[in-house]
Amino acid sequence: MGCDRNCGLIAGAVIGAVLAVFGGILMPVGDMLIEKTIKKEVVLEEGTIAFKNWVKTGTNVYRQFWIFDVQNPDEVALNSSKIKVKQRGPYTYRVRYLAKENITQDPEDHTVSFVQPNGAIFEPSLSVGTENDTFTVLNLAVAAAPHIYTNSFVQSVLNSLIKKSKSSMFQRRTLKELLWGYKDPFLSLVPYPISTTVGVFYPYNNTVDGVYKVFNGKDNISNVAIIESYKGKRNLSYWPSYCDMINGTDAASFPPFVEKSRILRFFSSDICRSIYAVFGSDVDLKGIPVYRFVLPAKAFASPLQNPDNHCFCTEKIISNNCTSYGVLDIGKCKEGKPVYISLPHFLHASPDVSEPIEGLNPNEEEHRTYLDVEPITGFTLQFAKRLQVNILVKPAKKIEALKHLKRNYIVPILWLNETGTIGDEKAEMFRSQVTGKIKLLGLVEMVLLGLGVVMFVAFMISYCACRSKNGK
């Protein structure tokens with residue numbers, strides 16, 4: 001009887017040990033299965049989850065605009081006073097709703113090329129007004145004229161055309177005109193062929209961004225979605241040194257198995273450069289654990305603060321000998337127009353940049369850019385891209401509309417917030433197909449391991465107790 005009991009206890013201990021060992025074996029095997037599945041599904045080729053969502057995003061992407069309405073235009077033009085602005089918005093458009101086109105796989109170098117069509121649909125229900133709302137804003141053509149044409153004689157000719165068209169330093173424009181373009185009265189009088197349509201984002205609708213060429217990850221999953229080359233209308237070659245290099249992805253996804261220590265690099269054609277984000281915090285997004293990566297202040301720092309930015313300082317006067325920070329001159333990839341990009345309300349910019357402007361209230365929470373990335377797949381499930389478009393205006397003695405200015409202004413025109421969040425249906429699918437299976441496998445592993453250990457310990461204790469009793 002005692003022998004049978006001992007055999008039963010030993011058998012129970014063995015079963016427990018087997019369960020524990022099986023649970024321990026299942027953990028690396030399960031991890032291998034997960035890794036194999038993820039590596040298969042994130043490749044950018046027909047039939048994968050990544051490819052389906054990459055061709056056409058299943059997320060509604062919106063671009064909100066806030067316009068800086070100038071309150072004292074005459075005072076500024078005549079006395080070179082501080083510019084008082086009042087932001088108005090949001091005015092919301094749906095964007096990125098069109099599928100990628102001209103998708104071409106290259107099996108030799110494991111890349112896929114494409115263009116991204118541009119389109120914007122106004123969303124009245126998500127806006128504070130209509131596209132016909134009017135604003136007092138900087139006259140884009142007048143402000144740009146002395147930058148593009150530096151010759152004094154040419155400026156004198158342009159001045160006569162500016163006066164003849166009754167143009168001035170500031171103008172009244174509707175939202176639709178300011179964003180998407182209008183026939184400028186001054187440029188319409190120029191006697192030689194030039195584009196007479198002006199707009200902050202002109203041309204946009206019915207245009208394409210690209211050609212992009214990205215690695216599809218077929219041969220090396222660690223470079224999936226990373227941009228191999230970009231050939232667009234925007235000229236990037238003016239950056240000296242490595243600044244014209246295109247690093248990273250387009251931010252829609254990153255190579256899988258993202259760690260918090262990784263720096264996520266991505267290219268944005270809006271600012272004509274590559275930039276990066278660093279880990280900020282853990283976030284629960286509709287039941288999906290994601291890592292929030294944020295654009296650091298260091299990315300827009302001066303070369304004194306961040307030596308890596310030395311080649312983005314292309315002139316010495318406006319930048320105060322490269323000591324100013326928080327703004328990026330992208331004029332040379334905007335056909336010479338004096339366009340500067342910054343974070344909204346000059347967040348993280350040096351005091352000298354915002355000093356001539358009143359009415360700005362930079363706020364980290366509202367004005368920072370971030371990406372919420374699911375770390376296993378590398379998919380971006382939520383993002384907020386926030387940028388401000390500014391125009392540099394300088395005194396110009398030969399142009400009457402600008403001759404009373406006594407200082408340089410980097411004038412904020414508008415700021416935008418482009419956002420996208422995974423929908424409820426897509427989130428449910430993601431939970432069931434990715435995170436749910438991973439959690440279930442992990443739970444099974446832990447249960448088997450834990451149960452095995454408990455059974456082994458319990459039966460061994462009982463066996464030892466039994467042996468001790470029998471010995472007495």
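Colleague: How are residues numbered, and what pLDDT do local features need?

Modeller: Residues count from 1 along each chain as its sequence is written, and side-chain values use heavy atoms, with hydrogens and water left out. As the model is predicted, local features need pLDDT of at least 70 and side-chain atom pairs count only at pLDDT 80 or more, while totals for chains, interfaces and linings use all residues.

Colleague: In what order do the four strands of the open sheet stand?

Modeller: Strands of a sheet pair through backbone hydrogen bonds, either parallel or antiparallel. Strands are DSSP runs (E, at least two residues), as are helices (H or I, at least four), numbered from the N terminus. Two strands pair if DSSP finds at least two bridges between them. Here the order is S3-S4-S10-S11, with antiparallel pairing.

Colleague: Which strands are at the edges?

Modeller: Strand S3 (101-106) and strand S11 (227-230) are the edge strands, each pairing on one side only. From one strand to the next, the twist averages 20° (axes are lines fitted to C-alpha atoms, for helices over the stretch in contact, and angles run from 0 to 180 degrees between N-to-C directions).

Colleague: Over how many bridges do S3 and S4 pair?

Modeller: S3 and strand S4 (residues 111-117) pair over four bridges, in the antiparallel sense. Thr104 stands opposite Ser113 in S4.

Colleague: How many salt bridges does a search of the whole structure find?

Modeller: Side chains of opposite charge can pair when their charged atoms come close. A salt bridge needs a side-chain nitrogen of Lys or Arg within 4 Å of a carboxyl oxygen of Asp or Glu. The search finds 18.

Colleague: Are Arg292 and Asp372 buried or exposed?

Modeller: Buried means under 20% relative accessible area, exposed over 50%, and partly exposed in between (1.4 Å probe, protein chains only). Both Arg292 and Asp372 are buried. Their salt bridge has its closest N and O atoms 2.8 Å apart. It links strand S14 (residues 288-294), which holds Arg292, to strand S18 (residues 370-373), which holds Asp372, 80 residues apart.

Colleague: What is the relative accessible area of Arg368?

Modeller: Arg368 is buried at 18%, whereas its salt-bridge partner Glu365 counts as exposed at 51%.
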